[in-house]
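Subject: Structure handover

Hello,

Here is the structure I promised to pass on. Please open it first, then read my notes below.

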Amino acid sequence: MSAPLLSVIDVFIINIAIPAIKKGVHATDAEVQLVIAGYLLGYAAFLITGGRAGDQFGRKKVFFWGMLFFTLASCLCGLSVTPVQLNVTRFLQGMSASLMVPQTIAFIQVLFTEKEERAKAIGLFGITVGFAAVIGQVLGGYLSDTHWAIEGWRLIFFINLPIGIVTLWATSRYVTETKANQGSKFDYAGVLILTLTLFCLIYPLTQGREAGWPLWSIALIILSFVLFAYFIYDQKRKLADNKNPLIDVRLFEIKDFNIGLVAVLFHFMLHTSYLLLSAVYLQNGLKVSALHCGLYFILPGILFILSSIIASKLIVSFGKRILQAGIVLLAIAFFLQIELLKPGVNAWLMISLMGLWGFGNGLVLPSLLNIVLKSVPPGHAGAAAGIYSTFQQTASALGVSIIGGIFFYYSKQGWQSAYQAGLIAILVCVFLVGVMLYLLPDGKTTGEAIAAE
């Protein structure tokens, strides 16, 4: 669990430190957006490859090297002095995370063979991911305001060094290797096409707004759609030729799986962007210090864990209705924030509304994985989990780029207007997640066609 814990913390620990990082490396708003989105881009583009690497070379070995490179990349991030250096090393950090995290999911499949025990392990994985998102905010605030011999924001990267060393030692000593599959091969061309597709979409969304949407940014966005269409064609052709494509496109023939992925897309767009928006608004709009800003996320974190535990027990009996209840709570929390949060607002009102968001999010986020994968045949669970993870990270990058872009655009009119505009965009995402959950059936489907193939 150290891999998902560290990888997700490093997505969100940045949020509260954004003002300090912007000042420290003399970055623009678009460049600090890319500090988050670039990490997610590297993470998303190589996740499936990371899973394949574990199959071919052994999961312990790939986990160890992924953790080692992640730790080294974290230190390089802390040593960066320019926006370009920071964004390049953040991309490398995301690539390293994509090597170690899939091994955690694979080890769960290998170590927990009984259905009930595996469900508990997957639930713990989901809780770890959600909790890491919140604890990242708290640590980001504390470390940003902690100044030793170096600038405080650099500590948010250097903290990974002792954790990484302990994890590497424990991995070497206690984790047993799994059997390597030497027959597995990489789809290097697929990785390259997918990486270029995501880059051509994410980069202009973050940089184009600040540059006034020049022709190159529009051209790159159009090119991303062309590349994505070619990627799907390439994957279908390789599957027909009995080669080993990066993604098994037959999974997209399962209607429920597609609907679930759209729900994942919009939920992680709103989840990641809200953590960014709230952190920046608290500091710049409500003039809360970085340290106290981090403390605002403690109650949401506690309520998130509580509701996650409740959801894991009730979802067997009530199915998607638990997630729908969470979506209603999220909509209420965001609507009340639009209406009630103004400069000079009582701190406890803000914390209470964020707590409502945390409780509602705990009913949704950890259970999405089970909802999305329930219609997938067991033999395709690994491939489907890889697609799910890729969608999750891509959605997070899009949330930072699109909703974060709306937020920073309206910041010229004041942080209050920016926060309201961002929350309206988030509410649209909440509505779309609700629609997708409504379309999903309560009953379990099985994807018989793919299972037969």
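In which helix does Q392 lie? Q392 lies in helix α15, residues 381–410. Helices here are DSSP runs of H or I with at least four residues, strands are E runs of at least two, and both are numbered from the N terminus.

Some ground rules. This is a predicted model, in which local features need pLDDT of at least 70 and side-chain atom pairs count only at pLDDT 80 or more, while totals for chains, interfaces and linings use all residues. Residues are numbered from 1 along each chain as its sequence is written, and side-chain values use heavy atoms, with hydrogens and water left out.

Back to Q392. Its relative accessibility is 11%, so Q392 counts as buried. Buried means under 20% relative accessible area, exposed means over 50%, and partly exposed is in between (1.4 Å probe, protein chains only). Q392 touches V129, V264 and F268, not counting residues up to four places away in sequence. Contact means heavy atoms within 4.5 Å.

The core

The largest nonpolar core has 130 residues. A nonpolar core is a set of buried Ala, Val, Leu, Ile, Met, Phe, Trp, Tyr and Cys residues joined through side-chain atoms within 4.5 Å. The residues with the most contacts inside the largest core are I14, F257, L282, F297, F334, Y419 and I426. Helix α10, residues 255–285, gives the most to this core, with 18 residues.

Take F297. Leave aside its neighbours within four places in sequence. F297 is then in contact with residues including I16, V134, L275, L282 and M354.

M436 sits in helix α16, residues 415–439. M436 is buried, with a relative accessible area of 15%. Beyond four places in sequence, M436 is in contact with I259, V262 and A263. M436 and Q283 are 153 residues apart in sequence and 34 Å apart in space, C-alpha to C-alpha.

Charged pairs

Side chains of opposite charge can pair when their charged atoms come close. A salt bridge here is a side-chain nitrogen of Lys or Arg within 4 Å of a carboxyl oxygen of Asp or Glu. How many salt bridges does this rule give? The count comes to 4.

K22 and D29 form one of them, at 2.7 Å from N to O. K22 is partly exposed at 31% relative accessibility, whereas D29 is buried at 16%.

R154 pairs with E151, and their closest N and O atoms are 3.0 Å apart. R154 is buried, with a relative accessible area of 11%. E151 is partly exposed, at 34%.

K238 and D234 also meet in a salt bridge, 3.0 Å from N to O. They are 4 residues apart in helix α9, so about one helical turn separates K238 and D234. K238 and D234 are both buried. D234, R237 and K238 are linked in a network of salt bridges.

R90 has no such partner. R90 lies in helix α4, residues 83–111. R90 is buried yet has no salt bridge. The nearest side chain of opposite charge, D10, is 4.2 Å away. For charge, Lys and Arg count as positive and Asp and Glu as negative, while His and the chain ends are not counted. Apart from neighbours within four places in sequence, R90 is in contact with D10, V11, I14, V35, I36, Y39, C77 and F157.

The surface

W213, I218, I222, L223 and V226 make a nonpolar surface patch of about 450 Å². Patches are made of residues with over 30% relative accessible area and no salt bridge: like charges are joined within 9 Å, and nonpolar side chains (Val, Leu, Ile, Met, Phe, Trp, Tyr) within 5 Å. Accessible areas come from the Shrake-Rupley method with a 1.4 Å probe, and for residues only the protein chains shown count as cover.

L223 is in helix α9, residues 215–240. L223 is partly exposed, at 37%. W213 is in the loop between α8 (188–210) and α9. W213 is partly exposed, at 40%. W213 has a positive phi of about 50 degrees although it is not a glycine.

H26 also has a positive phi, near 55 degrees, and is a residue other than glycine. H26 is in the loop between α1 (2–24) and α2 (29–57). At 67% relative accessibility, H26 counts as exposed.

Best wishes
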